[in-house]
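Please keep the sequence and the structure in view while you follow it.

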Amino acid sequence: MAARKLTAQPRADWEKLIRWLPLGATTQAVAYALATFADNKTGENVRPGERLLAQATGLSTRAVREHTNVLLEEGLLYRHSNGKFHGRRGWASVFVLCAYDRKIELAEKAEADWNTGTRIT
């Protein structure tokens, strides 16, 4: 079995992946909120913090954490460094928007099927 290659994605490309992969509405909402904090060219340096994401999405911090974990497990997000507490304030985890080659292929196929009118099942 060939090794899966995980690559950082520019924000626009990553948002396109999120649009076409079957992730569920809440996971997509968290993903789009995360993307707004990313560097547009590299998809790196995403560090909004759970409370800010909860405020942006209208979700609880627990729901934000759960759906962020879904993105991590799906290989659509990479945790560059873990957040930690420093005195009374916490430091947010730092993420990178990314994808495995296979996820990119699936998203491209879904988009092509949509554009040609092929029914997605």
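## Reading the model

Q: Where is Thr68 found?
A: This is a predicted model, in which local features need pLDDT of at least 70 and side-chain atom pairs count only at pLDDT 80 or more, while totals for chains, interfaces and linings use all residues. Residues are numbered from 1 along each chain as its sequence is written, and side-chain values use heavy atoms, with hydrogens and water left out. Helices (H or I, at least four residues) and strands (E, at least two) are DSSP runs, numbered from the N terminus; Thr68 lies in helix H4, residues 61-73.

Q: Does Thr68 count as buried or exposed?
A: Buried means under 20% relative accessible area, exposed over 50%, and partly exposed in between, with a 1.4 Å probe and protein chains only. Thr68 counts as buried because its relative accessibility is 7%.

Q: What does Thr68 touch?
A: Contact means heavy atoms within 4.5 Å. Not counting residues up to four places away in sequence, Thr68 touches Val30, Leu34, Leu77 and Phe95.

Q: Which residues touch the most other members of the largest nonpolar core?
A: In soluble globular proteins, nonpolar side chains tend to be buried together. A nonpolar core is a set of buried Ala, Val, Leu, Ile, Met, Phe, Trp, Tyr and Cys residues joined through side-chain atoms within 4.5 Å. Here the largest such core has 25 residues, and Trp14, Leu34, Leu71 and Leu76 touch the most other members. Helix H2 (25-35) is among the elements that each supply at least two residues of this core, and H2 gives the most, with five residues.

Q: What is the phi of Asn45 near?
A: Most residues other than glycine have a negative phi. The phi of Asn45 is near 60 degrees, a positive value in a residue other than glycine. Asn45 sits in the loop between H2 and H3, and it counts as partly exposed because its relative accessibility is 42%.

Q: At what angle do H1 and H5 pack?
A: Axes are lines fitted to C-alpha atoms, for helices over the stretch in contact, and angles run from 0 to 180 degrees between N-to-C directions. H1 and H5 pack at about 65 degrees, with their axes 9 Å apart. Angles under 35 degrees count as roughly parallel, over 145 as roughly antiparallel, 65 to 115 as roughly perpendicular and the rest as oblique; H1 and H5 are therefore roughly perpendicular to each other.
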